[in-house]
Amino acid sequence: MNPRKTKVLMVCLGNICRSPLAEGILKSMVDPGLIEVDSAGTAGYHIGNPPDERSLAIARQFGIDISEQRCRQVRQIDLRNFDLIYAMDEANLAHLLEMARSNEERTKVRLLLEEVSPGPRDVPDPYYGGTSGFEKVYHLIHEACEAISRKLSDQDNQL
Ligand code: 4NP
C-alpha cells in the first residue's frame, strides 16, 4: 500500500513549451491514483497562459491533450511538497538548487535527461526555433518519461 501519491514536478524556464509537454507525457503513462504530475517555470513571463501553440500541436499529434494546462511559476513550497523535481536544462537545475533550503530538498532536484544517460543533458529550449525543434524535444522528453514511469512502477512507487 502506498501511503500517499508520489508527486512529480517538471520545470523549464517559461512553463509554456517543454515542461507542459513533460507533464502531459508523463501523465499519459502513469496511474493518476498513484502518481501526481505538475509543471512550472522558473520565470514568470507567461503566468496564466496556456502552452505554446507548437507544444499543443506536437502533443496533439501524439494523442495527448495539454490544452487545459496553465502556466505557473515555481514556488518555494514546491520544493517541500514534491518528491521528484525534474529540470529540463542546467540553468533550470541551478535555479532550483538555489531555491532549495535543505539537503532533502536538493536531493529531489535532478536533470530530466539524466534518466536516459548517456546522451544530451539538456532538453534544448525550442522557443525561438521552428516546429522541428518541438518534435525533437517531444521525443527526448518521451524517452525520459518512459524511464521515469518504469522506475516508479519497478520501485513500487517508493523512491
Ligand atoms: P520553455 O520555453 O522554457 O520550454 O517554456 C520558453 C518559453 C518562453 C520563453 C523562453 C523559453 N521566453 O523567453 O518567453
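Visitor: Is Tyr 138 buried or exposed?
Guide: This is a predicted model, where local features need pLDDT of at least 70, side-chain atom pairs count only at pLDDT 80 or more, and totals for chains, interfaces and linings use all residues. Residues are numbered from 1 along each chain as its sequence is written, and side-chain values use heavy atoms, with hydrogens and water left out. Buried means under 20% relative accessible area, exposed over 50%, and partly exposed in between, with a 1.4 Å probe and protein chains only. Tyr 138 has 3% relative accessibility, so Tyr 138 is buried.

Visitor: Which residue forms a stacked aromatic pair with Tyr 138?
Guide: Rings of Phe, Tyr and Trp (its six-membered ring) pair if their centres lie within 6.5 Å; planes under 30 degrees apart count as stacked, over 60 as edge-to-face and the rest as tilted. By this rule there are two aromatic pairs. In the stacked one, the centres are 4.2 Å apart with 10° between the planes, and the partner of Tyr 138 is Phe 62.

Visitor: How many residues apart are Phe 62 and Tyr 138?
Guide: Helices (H or I, at least four residues) and strands (E, at least two) are DSSP runs, numbered from the N terminus. Phe 62 lies in the loop between helix H2 (53–61) and helix H3 (76–81), while Tyr 138 is in helix H6; the separation is 76 residues.

Visitor: Is Asn 15 buried or exposed?
Guide: Asn 15 lies in the loop between strand E1 (6–12) and helix H1 (18–29). Its relative accessibility is 3%, so Asn 15 counts as buried.
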